Amino acid sequence: MDPSARRSGGSGSGSGGGGGRPPSSLDFPNLPTTISLTPILSSTPDQTIPPPPPTLSRYESQKRRDWNTFLHYLQNHKPPLSLPRCSGAHVIEFLRYLDQFGKTKVHSLGCAFFGHPSPPGPCACPLRQAWGSLDALIGRLRAAYDESGGIPDTNPFASRAVRFYLRDVRDSQAKARGIPYHKKKRKRPLTDAAVAESSSSRSDVGLDEVQGSTSTGGAEAGGRSSSSSSAS
């Protein structure tokens with residue numbers, strides 16, 4: 001009988017009989033008998049989810065968008081401008097650039113609808129940015145400039161030229177659209193000094209009235225006494 005056939009037959013009978021021993025750690029000397037998960041868990045980095053960033057208000061979101069738009073405008077400027085070299089004249093140029101995206105009809109002086117708040121028909125007058133939108137935009141950019149580390153004394157958005165430009169835009173649009181601008185008066189809360197002054201003024205008025213009535217009463221009494229004495 002072939003020795004190879006004898007060996008294969010013996011191994012087959014052993015496995016087929018089901019009496020073979022289970023594999024132990026001696027058959028696989030490199031395999032540990034027990035596996036501990038403690039080192040694995042301890043070496044796992046902290047995967048906690050960071051808290052979400054605070055949601056920005058509508059004003060803060062709009063201010064960030066306006067600031068990014070202005071910086072993009074400076075980069076595309078010919079020649080390119082840096083923020084420290086920006087002046088009030090560049091801010092006015094930026095505001096005039098935004099007029100092409102405006103949605104407010106501003107009638108020219110030769111238009112038949114000049115000064116009419118509700119024109120009956122269309123006209124060829126251009127669209128402009130409304131004065132209120134420009135004024136709010138400058139306020140947000142002025143705040144963003146200070147928050148970005150700019151020097152408040154050299155803030156180009158707070159320059160006199162920009163203020164004069166906004167005033168001219170306000171007046172010209174009010175005349176062209178026939179909508180006068182009325183500044184809203186804010187009600188100031190009364191301070192302690194104002195309350196004391198008003199109360200003192202009321203007391204003075206009361207004293208004057210009392211003194212007037214007293215003098216009048218005295219005069220009447222004097223008149224009655226003199227008349228009675230003359231009659232007697």
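Residues are numbered from 1 along each chain as its sequence is written. Because the model is predicted, local features need pLDDT of at least 70 and side-chain atom pairs count only at pLDDT 80 or more, while totals for chains, interfaces and linings use all residues, and side-chain values use heavy atoms, with hydrogens and water left out.

**Colour by confidence**

Begin by colouring the chain by pLDDT, the predictor's confidence in each residue, from 0 to 100; the protein chain averages 73, and 55% of the residues score at least 70. Select residues 10–17, where the pLDDT is below 50 and where the model has two contacts (heavy atoms within 4.5 Å) beyond near neighbours in sequence. Then select residues 35–44, where pLDDT stays under 50 and the model has zero contacts beyond four places in sequence. Where pLDDT is low, the predicted coordinates should not be read in detail.

**Select the aromatic rings**

A search of the whole structure finds nine aromatic pairs, a pair being rings of Phe, Tyr or Trp (its six-membered ring) whose centres lie within 6.5 Å, with planes under 30 degrees apart counted as stacked, over 60 as edge-to-face and the rest as tilted. Select Phe70 and Phe94, an edge-to-face pair at 5.1 Å centre to centre with 85° between the planes. Phe70 lies in helix H3 (residues 58–75) and Phe94 in helix H4, so this pair ties together parts that are 24 residues apart in sequence; helices here are DSSP runs of H or I with at least four residues, strands are E runs of at least two, and both are numbered from the N terminus.

Phe157 sits in the loop between helix H5 (131–147) and helix H6 (160–177), 87 residues apart from Phe70. The aromatic cluster that holds these rings also includes Trp67 and Tyr145.

**Move to Asp99**

Finally, select Asp99 in the loop between helix H4 (88–98) and strand S1 (104–105). Leaving aside neighbours within four places in sequence, Asp99 is in contact with Leu127, Arg128, Gln129 and Tyr165. A polar atom of the Asp99 side chain lies 3.1 Å from the backbone nitrogen of Gln129.

Notes
Polar contact = N/O pair within 3.5 Å; in protein donor to acceptor, adjacent residues only side chain to side chain.
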